[in-house]
Amino acid sequence: MTCDKLPCVKPFALLVSRPPSPLADDEYASYLSMGGLETWDLKSFNLTQEPLPDLDFDHYSGLIITGSPYGFTSANKDATQRRFEAELKDVALRAIEQDFPMLGVCFGLEVIVDALGGKIEKAYGEEISPVEITLTDEGVDDPMLANTPRSFHSITGHNEACTKLPEAATVLATGENCPVQLIRVKKNTYATQFHPEISMEGLRFRLDIYDGHYFPPGARERIEQQAQGANVNSAHDIIKAFVTRYAR
């Protein structure tokens, strides 16, 4: 089943740990566009505003855990961050136990890795820019990535990454500067360190917002020049592949 023309019978749940903002709106719109979804197909829960309800998986096609401006390894987490991290880890473990479809993106990967006993540290950071992602042999053989080229580009932007892989996880893609870019757990949990939802237009939008945070102050022009000609469509297709595979 696909969601190109008709609404999904059951929506996907988008679990957001980003305060309401134009960036959060852009993120939601990107998942709609790249997943071929309508608003009724993607129910958003903003965990910075209210606790995550007890999700009945029977009512959803799958879960998507988004990126976040919050530092996963921060030593100064406020009560809101501690709450939503615990909620996300709990729901991620429940999804993995049931092998319920789940896609984690950036912060979402970090939640899943930590919940499974792996390690996230301030390591392998990548500034906001398009980088080359390369599938491993396991990635080439993965059914959800059947139409993904062995090498493709995607936008990244993170200060933390996986330094110890959980035993339950399989690496499906790697990168020159960050060795764990895409993982699978069991058959139906996927997580990316890169951002398949960010377009080149979205990159420019984030460069306006993040100057000095995910890249050095004054480096915008250099990044824009390096990004010229980059094609990140194959990364977007991963979102479409997830939606197409699991919509029900």
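Which backbone oxygen does the side chain of S154 reach, and at what distance? I will start there. This is a predicted model, and in it the side chain of S154 reaches the backbone oxygen of H195 at 3.4 Å. S154 sits in strand β7, which covers residues 151–158. Its relative accessibility is 0%, and buried means under 20%, so S154 counts as buried. What does S154 touch? Apart from residues up to four places away in sequence, the list is S129, P130, V131, I133, F194, H195, P196, V232 and A235. So much for that serine.

Next, another serine. S68 is in the loop between β3 and α2. Is S68 buried or exposed? With a relative accessible area of 10%, S68 is buried. A polar atom of its side chain lies 2.7 Å from the backbone oxygen of S17. A polar atom of the S68 side chain also lies 3.1 Å from the backbone nitrogen of Y70. Setting aside neighbours within four places in sequence, S68 is in contact with S17, R18, F107 and Y214. D41 is 27 residues from S68 along the chain, and the C-alpha atoms of the two are separated by 22 Å.

Helix α2 runs over residues 79–98, which is 20 residues. From its first C-alpha to its last it reaches 29 Å, close to the 28 Å expected at 1.5 Å a residue. At its start, a side-chain oxygen of D78 comes to within 3.2 Å of the backbone nitrogen of T80. After α2 comes D99, with a positive phi near 55 degrees.

Which residues of α2 are buried? They are Q81, F84, E85, E87, L88, V91, A92, A95 and I96. Looking down the axis of α2, these buried residues fall within an arc of 165 degrees, so they line one face of the helix. An α-helix has 3.6 residues a turn, so residues three or four places apart point the same way. On the other side of α2, D90 and E97 are exposed. The cover over the buried residues of α2 includes strands β1, β3, β4, β10 and β11, and also helix α3.

Let me stay with α3, residues 107–115. α2 and α3 pack with their axes 9 Å apart, at an angle of about 70 degrees. The two helices are therefore roughly perpendicular to each other. On the α2 side, the residues that meet α3 are F84, E85, L88, K89, A92, L93 and I96. Their partners in α3 are F107, V111, I112, D114 and A115.

For another helix pair, take α5, residues 200–209, and α6, residues 220–227. Their axes come within 11 Å and cross at roughly 175 degrees. That makes α5 roughly antiparallel to α6. M200, L203, R204, L207 and D208 of α5 make the contact with R220, I223, E224 and A227 of α6.

Last, helix α1, residues 22–35. It has 14 residues and reaches 20 Å from first C-alpha to last, close to the 20 Å expected at 1.5 Å a residue. Its buried residues are L23, A24, E27, Y28, S30, Y31, L32, M34 and G35. What do the buried residues of α1 pack against? The answer is β1, β2, β3, β4, α5 and α7. Just after α1, G36 takes a positive phi of about 65 degrees. That is where I will stop.

Key
Residues numbered from 1 in each chain as written. Predicted model: local features only at pLDDT ≥ 70, side-chain atom pairs only at ≥ 80, totals over all residues. Heavy atoms only, no water. Helix = DSSP H or I, 4+ residues; strand = E, 2+ residues; numbered from the N terminus. Expected span 1.5 Å × (residues − 1). Buried < 20%, exposed > 50% of the residue type's maximum accessible area, 1.4 Å probe, protein only. Arc of directions from axis to C-beta. Contact = heavy atoms within 4.5 Å. Polar contact = N/O pair within 3.5 Å; in protein donor to acceptor, adjacent residues only side chain to side chain. Axes fitted to C-alpha atoms, helices over the stretch in contact; angles between N-to-C directions. Parallel < 35°, antiparallel > 145°, perpendicular 65-115°, else oblique.
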